[in-house]
Amino acid sequence: MTFDIEMIKKVYAELPAKMQAIRNEVNKPLTLSEKILYSHLHAGMPLKAFSRGKDYVDFAPDRVAMQDATAQMALLQFMQAGKKKVAVPSTAHLDHLIQAHLGADKDLQEAINKNNEVYNFLESVSSKYGIGFWKPGAGIIHQVVLENYAFPGGMMIGTDSHTVNAGGLGMIAIGVGGADAVDVMAGMAWELKMPKLIGVKLSGKLNGWTSPKDVILKVAGMLTVKGGTGAIIEYFGKGALSLSATGKGTICNMGAEVGATTSTFGYDESIERYLRGTGRADVADLANSVKEHLTGDAEVYAEPEKYFDQVIEINLDLLTPHLNGPFSPDLATPVSKMKEVAKANAYPTDIEWALIGSCTNSSYEDLSRAASIIQDATEKGVKAKATLGINPGSEQVRYTAERDGLLATFEKANAMIFTNACGPCIGQWTRPGAEKEEKNSIVHSFNRNFKKRADGNPNTFAFVASPEMVAAIALSGKLDFNPITDTLLNEKGEAVMLDEPKGFELPPLGFDVKDNGYLAPAEDGSNIEVKVSPTSDRLQLLDSFPAWDGKNITHAKLLIKAQGKCTTDHISMAGPWLKYRGHLDNISNNMLIGATNAFNSEANKVKNQLTGVYDEVPTVQRAYKAAGVDSIVVGDENYGEGSSREHAAMEPRHLGVRAVVVKSFARIHETNLKKQGMLALTFAHAVDYERIQEDDTIEIIGLTEFTPGKNLKMVLKHTNGTSATIDLAHTYNAEQIKWFKAGSALNLIKQMDA
């Protein structure tokens, strides 16, 4: 079944004429990214050659996708927008709230029991407003999107940072906060600064133990967690043509870990095969009719230095397997070097758990290649030393893998098959013994490995690898095992080598599924009532944030000066806190509890300047709010990297924080702060971060003349009677300043509709 085929037909029917107009105006060969971006300009946006990294541009995405943890807040906001139905095809996917614990069936039932109120809310609000609904157990949002909705040359946004996974099918797919999704679902323009372009030329062909995952692990090591910020990564070259569509998706998925706006590949035969293999031959036929517009121009790929802002070249023939980590997804180590690196850094090398799945690596191909390793070991008499955990990406993948014996292969090795859901990747994992906080290592095929993310233990060293490598390490029980050179002892005491992984790009017998978990919305939702109990601790209707009072900020207190890495996990933790994603006041009790205070190197312990007593961050902020005292948050580099969760912006806004001032922002978080009416500012000179003292009283002046391109001033009044004035830069344009003045972007929407 092809969803939204009429929309796709329209996109492709209009594409040739749009491309001709774009070429006439831009007057140069075009990258794939430019073709998709320019062909999706909003109707009110004049066509011109936009300046990358400078011009804000209004776009009209084709569709929106939301997962349950973010859909709650996104749809609570959409309910305030006063619309009867979403303006573009939209879906909600229930994949985040399912705990990995006892196994698929028991865990799914437990999730339904615990989250029934939230699930009923999401089902009813989806049906009312015309949103496709994917039930719990249907699969992980990004795998479901790849199988059902992604199409070459399309543009989508999603309320999850790994929306970028759909780039594997040649889309521009971008992770956003819920307020951005509301704009698009309400039929308004969606704004984005025109991205810079990074070209990655792939030559050669993957071989042996090397997989598509190793491509992005290598790129992450080269670019670092912020090297792709503000840019689209476009992959091309003969090496790109040799990759499967799901392999391309894996590479695009982890582009979020280098801060990239998104990543994408041109339409080719592997994408066509995947479309046909997932029952979308009609989309493949349509794409073939306009395929010259669904990849970059030949001139671009022949001389990429002329057309990209940065070019990286990787020879797949020479690429080797990698392990990235711990605690940061860009800390790249070739598997061949892990013995010496682990020893030098005192990494724990014993592995108790090895996890395969997540939106990054849970396709049929991933499972088949990992299963081949386990099958080979079983035949050679080798038993796994670590416990394998498996999260299939969708019910279609799970059902097909079960039919073909892949799951049985894992189960014979005593693997734990979890629900088709995110599970341990996002901290939804009840790991036995994690509460002891013992130093240990795990390996997984996920995308992120921040401290405490998987199991809540700050002493778990998590390493990211391909599913094949995770399977091999599970068999050895050792982090530093290299299957290319090392042997394993079988039950007879014989030293054996593992064969290279083998797998299937697509199931040889085709995909199959009995119930994919999809529920269509009501044809007419006008009579559907969405109820939220006023006494619920899981859901809370939203009140509008107050508009700007027209004054500068004076007499503000410093809430926290965060030191070092401060991701959205640090600002608004997941794990057990996911259950409060629909209740802004309750989830605000986790605000910044993971951030490190620069003045005492401790987490969740800051000075209440009204009493002089140290307390938890949310407690101190609630005291400031009760006393009518403004507060400021100060942060380090790449503040807010990681997940798209807008709760990290809404919580400080709700509790009365007025401004976040940092050395630099991650893209999505900066936008989320702006959307919620917060001041997102950067030190004009990064060294001024050091001048912030714990007991400062702070002013931010220049707001009465707030204009694009004009710095604001921060005045620091120290307790010794001295003061300092520093410059604060910002990236607000005229429209974003209206958001600030209105109190939020949503307030502005309501004003326009009034």
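**A covered helix and its surroundings**

Author: Helices (H or I, at least four residues) and strands (E, at least two) are DSSP runs numbered from the N terminus. The model is predicted, so local features need pLDDT of at least 70 and side-chain atom pairs count only at pLDDT 80 or more, while totals for chains, interfaces and linings use all residues. Residues are numbered from 1 along each chain as its sequence is written, and side-chain values use heavy atoms, with hydrogens and water left out.

The buried set of α21 contains His 647, Ala 648, Ala 649, Met 650, Glu 651, Pro 652, Arg 653, His 654 and Leu 655. Among the elements that cover these residues are α3 (68-80), α18 (568-571), α19 (584-587), α20 (617-626), β26 (657-662) and α22 (667-675); contact here means heavy atoms within 4.5 Å.

The nonpolar cores come next. A core of this kind is a set of buried Ala, Val, Leu, Ile, Met, Phe, Trp, Tyr and Cys residues joined through side-chain atoms within 4.5 Å. The largest has 106 residues, and Tyr 12, Phe 59, Leu 75, Met 185 and Trp 190 have the most contacts inside it. Helix α1 (residues 5-26) supplies nine residues, the largest share of this core. Beyond its neighbours within four places in sequence, Leu 75 touches Met 66, Leu 122, Val 125, Ser 126, Ile 131 and Met 185. Another core, of 50 residues, lies apart from the largest one and includes Trp 548, Leu 558, Phe 665 and Ile 726.

Two helix pairs complete the account. Helix α14 (residues 364-379) packs against helix α17 (residues 467-476) at an angle of about 25°, with the axes 8 Å apart. Axes are lines fitted to C-alpha atoms, for helices over the stretch in contact, and angles run from 0 to 180 degrees between N-to-C directions. α14 and α17 are therefore roughly parallel to each other, a term for angles under 35 degrees. Asp 366, Arg 369, Ala 370, Ile 373, Ile 374 and Ala 377 of α14 make this contact with Pro 467, Glu 468, Ala 471, Ala 472 and Leu 475 of α17. By class, the contact of α14 with α17 has eight nonpolar, no polar and three charged residues; Ala, Val, Leu, Ile, Met, Phe, Trp, Tyr, Cys and Pro count as nonpolar, Asp, Glu, Lys and Arg as charged, and the others, Gly among them, as polar.

Helix α14 also holds Ser 372, which is buried at a relative accessible area of 16%. Leaving aside neighbours within four places in sequence, Ser 372 is in contact with Pro 501 and Lys 502. By contrast, 52 Å separates the C-alpha atoms of Ser 372 and Pro 534, which are 162 residues apart along the chain.

In the second pair, the axes of helix α7 (residues 212-223) and helix α9 (residues 245-253) come within 8 Å and cross at roughly 20°. α7 and α9 are therefore also roughly parallel to each other. Pro 212, Lys 213, Val 215 and Ile 216 of α7 meet Gly 247, Thr 250 and Ile 251 of α9. The residues of this contact of α7 with α9 comprise four nonpolar, two polar and one charged.

Note on methods: Buried < 20%, exposed > 50% of the residue type's maximum accessible area, 1.4 Å probe, protein only. Parallel < 35°, antiparallel > 145°, perpendicular 65-115°, else oblique.
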